[in-house]
Amino acid sequence: MEPSGGSRDARPAVTPVAAVLPAGGSGERLGGATPKQFCAVQGRPLVSYAVRAMERISWISDIIVVVSPENIETMRSIIEKYGHKRVMIVKGGITRHRSIFNGLKVFAENEFSNHLLQKPEVVIIHDAVRPFVEEDILSKVVMAAKEHGAAGAIRPLVSTVIASAADGCLDHSLERARYRASEMPQAFLFDTIYEAYQQCTDYDLDYGTECLHLALKYCNTSAKLVEGTADLWKVTYKRDLYAAESIIKDNLSQQVCIITNVKEAVAQVGFLLHESLKSQIKVEAVSICLSKNDSHLQNIFSGQCYNFICVNDKKYAIQETQQLVDMLEKSNIPLLYPVVFILVHLDISENISFSIGMEELTRIKKFAREVKKKNILVYGLLIQYK
């Protein structure tokens, strides 16, 4: 889920992988005029979270977002605003299965796309209204699909499922321990799921909802079921939007990165901060020389950390801060969420001057006002350190 990095090492062997995200629903159960995939959570459309979850994974080559014709321009503006890459918009059908089929066609039918994309070996299908999906579960379903032809995430049933008779009375109930809820993501060998859709009857295209069932019914491919995590739930009702916002806020506050330069006094303060915070939140500390191209820091900025404490010598405060802010902007992180930047400036000089210190803080305040427009919240702290 965003903002969370998932498992960096859990990646499938080199395999062309693409993702299809159906996003054509009307959101009737949510209520309101805006389809749920375009509803804002923390000021950002829900579909953008799902796209970003796929986009941040390097081994997913293409992301197909399938939307209803009337929402194509809306989706284009979202892609442009949030700087999404590797994304193609496809016009959806009148049902979920017809929309997914349209998404698959861009890899197989020239007449359906201006340019045919490279056909993947494995294709992921994931709902655009399931924003919290990790690389680990995506990798697991992809690898299982390579072996079995199809795979999907499942979760234990929360409630017992019952069937009613024609008169509205209880007919029978299912043994809950034997059944699971089918979730997303799901993954398929592309040739398998595409063949299933080609053979699919109009009835299944119009009334079916389960992709794994199509692979079984039309290609005799029995899907491998992969136990999923609790955060794979689907935003369906209005209350789910509030829950999603709460999860995002909670995750944004779970990690901090402490950045110091290589000076001994500065690095020591960074170490003390790390030791005092590590029992409360996830902390990553990095000591760098900003005059060089630091790949470690760039990896952090391209990850899922949104809180930074930068400790440096007051003499070089603004220069270093500007360099870090420039790197943050290039990473596009501030487009996704507000980034908190706490600047701890150490005055390690022998001559302590209160007026010079206040002048430095004034410069920081001016700088903070400028970068706030870029969704970067800067706070400054001046410490006279001996």
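Predicted model: local features only at pLDDT ≥ 70, side-chain atom pairs only at ≥ 80, totals over all residues.
1. Helices (H or I, at least four residues) and strands (E, at least two) are DSSP runs, numbered from the N terminus.

2. Residues are numbered from 1 along each chain as its sequence is written, and side-chain values use heavy atoms, with hydrogens and water left out.

3. Now the overall picture. Buried means under 20% relative accessible area, exposed over 50%, and partly exposed in between (1.4 Å probe, protein chains only); 49% of the 386 residues count as buried. The protein exposes about 19200 Å² (Shrake-Rupley method, 1.4 Å probe), and carbon and sulfur atoms supply 51% of that area. Contact means heavy atoms within 4.5 Å. Among contacts with a separation of 6 or more, 77% are between residues 24 or more positions apart.

4. A187 counts as buried because its relative accessibility is 0%. Leaving aside neighbours within four places in sequence, its contacts include V122, V123, I124, V141 and V142, and A145, G149, A150 and A151 are also among them. H126 is 61 residues from A187 along the chain, and their C-alpha atoms are separated by 8.6 Å.

5. Helix α8 (residues 238-252) deserves a look of its own. The buried residues of α8 are D240, L241, A244, I248, N251 and L252. Seen down the axis of α8, they fall within an arc of 110° (taken from the directions from the helix axis to the C-beta atoms), so they line one face of the helix. An α-helix has 3.6 residues a turn, so residues three or four places apart point the same way.

6. What do the buried residues of α8 pack against? They pack against β2 (40-41), α1 (46-55), β12 (255-260) and β14 (307-313). The face turned away from the buried side carries the exposed residues K238, R239 and Y242.

7. W233 sits in the loop between β11 (224-227) and α8. With 22% relative accessibility, W233 counts as partly exposed. Leaving aside neighbours within four places in sequence, W233 touches D240, A243, A244 and I247, and also V129, R130 and F132. The C-alpha atoms of W233 and F132 are separated by 7.8 Å, although the two are 101 residues apart along the chain.

8. Finally, the aromatic rings. Rings of Phe, Tyr and Trp (its six-membered ring) pair if their centres lie within 6.5 Å; planes under 30 degrees apart count as stacked, over 60 as edge-to-face and the rest as tilted. The whole structure holds seven aromatic pairs. One of them, F107 with F190, is edge-to-face, at 5.8 Å centre to centre and 75° between the planes. This pair links distant parts of the chain: F107 is in the loop between α3 (96-105) and β6 (122-125), and F190 is in helix α5 (residues 190-199), 83 residues apart. F107 counts as buried at 3% relative accessibility, as does F190 at 1%. Ring pairs link F101, F107, F190, Y194 and Y197 into a cluster.
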